[in-house]
Amino acid sequence: MDIQPVVPSWDGELCSVRFDRETGAWFVIAVHSTRLGPASGGTRAMVYPSVGDAVADATRLAAAMTTKMAVAGLPMGGGKSVIALPVPRAAVDGTRWRRILQVHAANVQQLGGTYTTGPDIGTSSADMDVLRETTAFAFGRSVATGGPGSGAPATALGVFTAVRAAVAEAGLGDGNGGVAGLRILVQGLGAVGARVAELAAEAGAELLVTDLDPERCAAAAARGARVVSPADVTRTRCDVLVPCATGGLVDARVARTLPCAVVAGAANNQLADGDRSGAARVLTRRGIVYAPDFVANSGGAIHIVGREVLGWTEDQVTRRTLQIGRTLHRVFADARAYGITTEQAARDLAARRLADAA
Ligand code: NAI
Ligand code: PHE
């Protein structure tokens, strides 16, 4: 009898799962591929419906990191960790959080460098400082402790660059990537989304925002953005939808009615369920330009790996991050030339780089 896998297409190298009775947290580390180098990817801390969901998320996110590193031309593999919290992060007190980080750090250390971590949803540079007390394999420490800080500003710059490239591909705006006058809807005003919203507003876009956190919405509204309800994010007419929250926003059903011309954002795994629903094909058929997330959001990885592994300056990181635009133009051109989705064109690019490395 075949064993039902948690994730249907998981072809990764390793996945560790640990429970800590003292804090009630579960810890998952997924190493998808070390073909291009040691696996790297952030630590996500949030509440999951079940441990199975946490494993599914970690493994999918790790696979996305493999593709991201390959497309970005970085000498790293793909991995990810998930800490499944018993209560929302805001309800975890300082002592319990510190213990959670210490357990996670010990798990990372046990892998001996096969996997290096960094910030993601629910973790910050300050948390990387705590991990560093136990393991050297934590990147993105705070600037105050001599680290390069989180990759969020670089991610935001890369996402905005992707928005510009996709807007040009869609023939919107001035045709050259200018977004003045375009209606841009940012979902998720966290470390990345808030900065993307600022960049879009500075460039003259009409800004719409949404977040589950009313305070974040209020702060954006005070700067002139129009707030829409989180439930309306895929129903609100706009030129560009910028998903910067959690993944899984677009399945085939949503794609059939999405009232926008471009989807380009930071969220990892925006296409639901590894796109088994076929959302990318629906978007292509409707002429909606989709900037594959693992290309658009690679600025954070470029920052983390560039600064911590390759010894790049901040300027080098910025230059490399801006090249995301060029990569996307190539992906769009390949998709047009071969009659495939942009998602497939970007995956093919990653597969070629991985094959070359082999
Ligand atoms: P964050 O945790 O700082 O912000 C996420 C925001 O999304 C929060 O304000 C949260 O309230 C909001 N949110 C969550 N669910 C929502 C929903 N259903 N509707 C509206 N808002 C919702 O996370 P961060 O760092 O900004 O990352 C955002 C996304 O980008 C994540 O998917 C992350 O994996 C991805 N990413 C982040 C990178 C980074 O450098 N931080 C790099 C590459 C990808
Ligand atoms: N978590 C971010 C991402 O998904 C940034 C990151 C990259 C963190 C690489 C660690 C390592 O890209």
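Analyst: The protein splits into domain 1 (14-64 + 76-145) and domain 2 (152-297 + 325-355), with bounds taken from an automatic or database domain assignment. This is a predicted model, where local features need pLDDT of at least 70, side-chain atom pairs count only at pLDDT 80 or more, and totals for chains, interfaces and linings use all residues. Residues are numbered from 1 along each chain as its sequence is written, and side-chain values use heavy atoms, with hydrogens and water left out.

User: Why is the meeting of D273 and R60 called a salt bridge?

Analyst: A salt bridge needs a side-chain nitrogen of Lys or Arg within 4 Å of a carboxyl oxygen of Asp or Glu. For D273 and R60, the N to O distance is 3.1 Å, so the pair qualifies.

User: What is the area buried between domain 1 and domain 2?

Analyst: About 740 Å², with carbon and sulfur atoms giving 54%. Buried area is the accessible area (1.4 Å probe) that two parts lose on being put together, summed over both. R35, R60 and A64 supply 49% of what domain 1 buries against domain 2.

User: Which residues touch the most other members of the largest nonpolar core?

Analyst: They are L74, V163, V179, I184, V186, V242 and L328, in a core of 61 residues. A nonpolar core is a set of buried (under 20% relative accessible area, 1.4 Å probe, protein chains only) Ala, Val, Leu, Ile, Met, Phe, Trp, Tyr and Cys residues joined through side-chain atoms within 4.5 Å. Apart from this core lies another, of 21 residues, including C238 and C260.

Methods:
Chains lettered and ligands numbered in written order. Buried < 20%, exposed > 50% of the residue type's maximum accessible area, 1.4 Å probe, protein only.
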